[in-house]
Amino acid sequence: MPFLKSLPADAGPPQVFALYPEIYGPWSHASQALMRGPSPLDEGLRELLLAYAAGVAGCEFVAVAHAEVAYAWGVEPGLVERLLADPSHAGIDAKLAALLGYVRKLATAPNEVCQADVDAVLAAGWDEHALHDAVAITARAAFMQRMVAGFGFAPLSREVAARHAAKRVERGYVNLYAAFRDERDDGAKL
């Protein structure tokens, strides 16, 4: 049950977005650009990073929601959960491990991130654009974690998260919400 009694019992971020379109309309457009726009990281990997950042920071709502979006983009089902349980035994390559190590540190101890952490990501083969996107995705996860915690939203079931994920893949981050839908845009990539 959300903390605000004016919200329905099953409320989540969409209900808050609809109440404040002047804030969350631009937020949705920025999310669309970050998560679906040009990037050296494909859409599934970006969603995996978002789910992982939320998960290591302890936000089940965002971790489950975006793990399901990652899976809808073709990421191996269960990978986010394996990474959260033990990244060293999740069966990922060294390049992805370096990026996830950076995301973990940024999500859990941001004031400890240093030049060596950035250098490790670049040495693993990622470029500065990929690093930027990882930073921005981790920041997006932190924002959503604070929203979910601040309003007291209950975690989604896997089934509900999977249904929402299919809609997010189809519609994107703007057209997912009726309040922001642009009838000229069918949810395609920016």
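## Nonpolar core

A nonpolar core is a set of buried Ala, Val, Leu, Ile, Met, Phe, Trp, Tyr and Cys residues joined through side-chain atoms within 4.5 Å; buried means under 20% relative accessible area with a 1.4 Å probe, protein chains only. This is a predicted model, in which local features need pLDDT of at least 70, side-chain atom pairs count only at pLDDT 80 or more, and totals for chains, interfaces and linings use all residues. Residues are numbered from 1 along each chain as its sequence is written, and side-chain values use heavy atoms, without hydrogens and water.

The largest nonpolar core has 53 residues, of which Phe17, Leu48, Leu49, Val62 and Phe153 touch the most other members. Helix 3 (43-56) is among the elements that give two or more residues to this core, and with nine residues helix 3 gives the most. Helices are DSSP runs (H or I, at least four residues), numbered from the N terminus. Beyond four places away in sequence, Leu49 has contacts (heavy atoms within 4.5 Å) with Leu41, Leu99, Leu100, Val103, Ala134 and Ile137.

## His66

His66 lies in helix 4 (residues 60-72) and is buried, with a relative accessible area of 7%. Its C-alpha is 6.9 Å from that of Leu48, 18 residues apart in sequence. Leaving out residues up to four places away in sequence, His66 touches Glu47, Leu50, Ala51, Arg140, Arg168 and Tyr173.

How values were computed: Buried means under 20% relative accessible area, exposed over 50%, partly exposed in between (1.4 Å probe, protein chains only).
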